[in-house]
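Please read this report alongside the sequence and the structure shown below. It takes up a helix, then the confidence of the model, then some contacts between side chains.

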Amino acid sequence: MKLTIPIVAAITAASLLIVTPVSSVRAAPAVKQKTDKAHEQTVDAETDPFSVRRGLYDKLSLFTEVPWFWIAAIDQYERSMSKVRPKARPMLGNTVGVFIDQERWVGPLNPNTDDSSPVSINFFNGIGRDGDGNGQAERTSDIDLLYSLVSRVAAYGISNDDFAIGLWEYYQNNRSVQRIQQFARIYEAFGQLDLFEHAFPLPISTHYAYNSTWGTGRSWGGRRTHEGTDIFVRHGVPVRSTCYGIVEVQGWNPYGGWRIGIRDLNNFYHYYAHLSGFDKTVNIGDVVKPGQVVGWVGSSGYGKPGTQGKFPPHLHYGVYSDRGLIEWSFDPYPMLRRWEQAERKRLRSGN
């Protein structure tokens, strides 16, 4: 199904998309007037970026008929890619995370690399579109950036299957499609954007011990480095999700034993290994939240399925950052310490 919007409806809808707090958007003269209301909106943009983004997603959803959580998922995926590759993907707008290179924006054969005319950009098959109705397709405009990407993807249809096809055609990368689908599931499940709270992976009330063990040598299975932090605790202690996320992997691994992997909105993969078992209510594709029990501490691994007891019971916790085509592990110890301290503080305050 192709996405078609009558010209009159498009102009009317585009007028709804003017978001005055975004400094990168060139508004019409009437909108440029400094009013108390505009000042209040600017303050809101600085103090609550999630509400500004949600307002933008909702307006684009009205315009394109694409559900807000799909739009949010695209923007968040783009933001996560820019964070791991800041030099290759500099921030273009003020609010959204979308990056579109100059050639793709204006069209590969466009002689005017700074073109902002929607007509000529479209003629040269550029992706740039006018999302705020000011007659310009500006690569530094939050609305134009997000509208251009979303409308290109939605050209293949707005059903889940059609939208997935559009995502693949745009990114040419199955991992990108999967990540955006996962993010959309998380946003749809919780109905909000501020989903970046974390919890320590074990109950704070239990007796445990851990140090930074990332990068140390390992011998079983060949020479390799330790990509995580070992938290030593008694057998059977509940293991909790540290984040809002979606279960990506669950089952046996020769190294990690019974393990579970959870993907969060920062595009981090959280890896919990050597479990004694899983919570039966948690399965691949399920959405989880911080503090939710996903399994129990054990000593599984280093062998065929079911191997136990080759080392003391502990939780191996690792984190991997998705860079688009590959994933890199990084030391989770600083985050664990921060989450542990924050949770203890919340418990002391009664929250």
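Helices here are DSSP runs of H or I with at least four residues, strands are runs of E with at least two, and both are numbered from the N terminus.

This is a predicted model, in which local features need pLDDT of at least 70 and side-chain atom pairs count only at pLDDT 80 or more, while totals for chains, interfaces and linings use all residues. Residues are numbered from 1 along each chain as its sequence is written, and side-chain values use heavy atoms, with hydrogens and water left out.

After H10 comes glycine 191, which has a positive phi near 70°. The buried residues of H10 include Val177, Ile180, Phe183 and Tyr187, where buried means under 20% relative accessible area, exposed over 50%, and partly exposed in between (1.4 Å probe, protein chains only).

The pLDDT, the predictor's confidence in each residue from 0 to 100, averages 87 over the protein chain, and 84% of the residues score at least 70. Over residues 1-43, however, pLDDT stays under 50. Where pLDDT is low, the predicted coordinates should not be read in detail.

The whole structure holds 20 aromatic pairs, counted when ring centres of Phe, Tyr or Trp (its six-membered ring) lie within 6.5 Å, with planes under 30 degrees apart called stacked, over 60 edge-to-face and the rest tilted. Phenylalanine 63 and tyrosine 147 form a stacked pair, 4.9 Å centre to centre and with 10° between the planes. Since phenylalanine 63 belongs to helix H4 (residues 49-64) and tyrosine 147 to helix H8 (residues 142-154), the pair ties together parts that are 84 residues apart in sequence. Both phenylalanine 63 and tyrosine 147 are buried.

| Charged residue | Ring | Distance to ring centre |
|---|---|---|
| Arginine 54 | Tryptophan 68 | 3.7 Å |
| Arginine 104 | Tyrosine 170 | 3.9 Å |

Conventions:
Contact means heavy atoms within 4.5 Å. A charge sits over a ring if NZ of Lys or CZ of Arg is within 6 Å of the ring centre and within 35 degrees of the ring normal.
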